Amino acid sequence: MLNPVGIYYAYWEKEWSADFIPYIKKVKNLGFDVLEINAGAIVDMTAKERAELASAAKENGVTLTYCIGLPGKYDVSSLDETTRKEGVRFVGKILDAMNEMGGKTLGGIIYATWPMVNVPDIDTKMRLREQSIVSLRELLKKAEQYDINYCLEVVNRFEQCILNCAEEGVAYAKELGSPKAKLLLDTFHMNIEEDSIGDAIRSAKGYVGHFHIGECNRKTPGTGRMPWNEIARALNDIDYKGAVVMEPFIRTGGQVGKDIKVFRDLSGNASPQHMDEMAKASAKFIKELQE
Ligand code: MN
């Protein structure tokens, strides 16, 4: 695969907050081109801290991508107008901070909240979707101004209700009608929801702005039964040139373990060194995939 290959920092962390700078050199040394970080964290940084992070990435030839599942208090699909507006304000700040850092890719559950705690009935789902569109029309103006791809992550039914499959994602992005309204497809979620992962990717041609990879149990790519050749072929078929970012989650504990629902150790009690070796082997596996 010729796409830039990345990894999400939370592979090594138990909490969502972290010092990202040490991860830049680390992932570069392990063979990655991209480090994905928590988009919410950059809002709380000072302008100086943001500049330092951006320049450390630049110096090491690592591209930063940004991801977040919006917490309930910033739910841009909320039926409560105060919450919805707070959400729009917060994501607006993320876009401002990303623009300052030269960021071009924002992905995640940036159209609703994650993880979804209150499961709605189907009528309520449609109202949430409508409110979400109201919020995004506003946010996409800013994304267009900054030339940032706003990548809506399509996730499985147990985590959100608005966009569960590529077909829903494409319809939603079309309705938004902005050149910056893109999709983030993720093999972990597609494995649960799609008839065919390859066909789902092909059906989203022109809309895929970012891509997440992981095995069915979120171990490092290349260690499970995900159809990697089919996935590589489909990405090639749609001429996808963006980043392919892995999100392995294999350790228990902390808020990360809780939100991701890691209820058993999937790392084989790996040492820090073994964690690095597994990431390195996975980057190599993805780069050597034949299309
Ligand atoms: Mn993902």
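The bridge partner of leucine 184 in strand 7 is histidine 210, strands being DSSP runs of E with at least two residues and helices runs of H or I with at least four, each numbered from the N terminus. Strand 6 (residues 181–186) and strand 7 (residues 208–213) run parallel and are joined by 4 bridges, where pairing requires that DSSP finds at least two bridges between two strands. This is a predicted model, in which local features need pLDDT of at least 70 and side-chain atom pairs count only at pLDDT 80 or more, while totals for chains, interfaces and linings use all residues. Residues are numbered from 1 along each chain as its sequence is written, and side-chain values use heavy atoms, with hydrogens and water left out.

| Helix 5 (residues 122–146) | strand 5 (149–153), strand 6 | about 140° with strand 5 |

The 8 strands form a closed barrel in the order 1-2-3-4-5-6-7-8, with parallel pairing; neighbouring strands are turned by 30° against each other on average, direction ignored.

Helix 4 has 21 residues and reaches 30 Å from its first C-alpha to its last, close to the 30 Å expected at 1.5 Å a residue, the expected span being 1.5 Å times one less than the number of residues. Glycine 102, whose phi is positive, near 80°, follows helix 4.

Conventions: Axes are lines fitted to C-alpha atoms, for helices over the stretch in contact, and angles run from 0 to 180 degrees between N-to-C directions. Contact means heavy atoms within 4.5 Å.
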